[in-house]
Amino acid sequence: MENNSENIRSQMRKGVLEYCILCILARKEAYASAIIEELKAANMIVVEGTLYPLLIREKNQGYLTYRWEESPQGPPRKYYVITEKGKALLQEMDAAWNEIVTTIETLKK
């Protein structure tokens, strides 16, 4: 049962990961490691192998862009920034999320 429960959680997290990334970047630009740290702090367990393909896809779809910044330790960092198109998508996702939460809460009563 525990294994099935973990699988359910994992699938649900994957479904909202793109939304979570846009939420983080709407507050501030960030580099990939900082995004992962923030997701982990919120109990969204994510590995780099999961995050990078999503960042690339969101960039290719015009929802994100990035800029390079020199780092005091190590190589330059790629900072991801949400675009206007990404902000519009985030508004749509917010509305969809609120609708889903309302629906689930209604069904649970």
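**Reading the model, feature by feature**

Tutor: Let us begin with the sheet: three strands form an open sheet in the order S1-S3-S2, with antiparallel pairing. This is a predicted model, in which local features need pLDDT of at least 70 and side-chain atom pairs count only at pLDDT 80 or more, while totals for chains, interfaces and linings use all residues. Residues are numbered from 1 along each chain as its sequence is written, and side-chain values use heavy atoms, with hydrogens and water left out.

Student: Which are the edge strands of this sheet?

Tutor: Strands of a sheet pair through backbone hydrogen bonds, either parallel or antiparallel. Strands (E, at least two residues) and helices (H or I, at least four residues) are DSSP runs, numbered from the N terminus, and two strands pair if DSSP finds at least two bridges between them. Here the edge strands are S1 (30-31) and S2 (64-69), each of which pairs on one side only. S1 is joined to strand S3 (residues 77-82) by two bridges, and the two run antiparallel. Ala30 stands opposite Tyr80 in S3.

Student: Where are the buried residues of H3?

Tutor: An α-helix has 3.6 residues a turn, so residues three or four places apart point the same way. Buried means under 20% relative accessible area, exposed over 50%, and partly exposed in between (1.4 Å probe, protein chains only). In H3 the buried residues are Leu51, Leu54, Leu55 and Glu58. They cover an arc of only 105° around the axis, which puts them on the same side of H3; the arc is that of the directions from the helix axis to the C-beta atoms. Gly49 and Asn60 are exposed on the other side of H3. After H3 comes Gly62, whose phi is positive, near 85°.

Student: Which residue other than glycine has a positive phi?

Tutor: Asn43 has a phi near 65°. Asn43 is found in the loop between helix H2 (32-41) and helix H3 (48-60), and at 54% relative accessibility Asn43 counts as exposed.

Student: How many aromatic pairs does the model contain?

Tutor: Rings of Phe, Tyr and Trp (its six-membered ring) pair if their centres lie within 6.5 Å; planes under 30 degrees apart count as stacked, over 60 as edge-to-face and the rest as tilted. By this rule there are four aromatic pairs. In one of them, the rings of Tyr19 and Trp97 have centres 6.0 Å apart and planes at 45°, so the pair is tilted. Tyr19 lies in helix H1 (residues 2-27) and Trp97 in helix H4 (residues 84-108), so the pair ties together parts that are 78 residues apart in sequence. Tyr19 is buried, at 13% relative accessibility, whereas Trp97 is partly exposed, at 37%.

Student: How many disulfides does a search of the whole structure find?

Tutor: A disulfide is a covalent bond between the sulfur atoms of two cysteines. The test is a pair of cysteine sulfur atoms within 2.5 Å, and the search of the whole structure finds zero disulfides. For Cys20, the closest cysteine sulfur is that of Cys23, 6.1 Å away, which is too far for a bond. Cys23 is partly exposed, with a relative accessible area of 27%.
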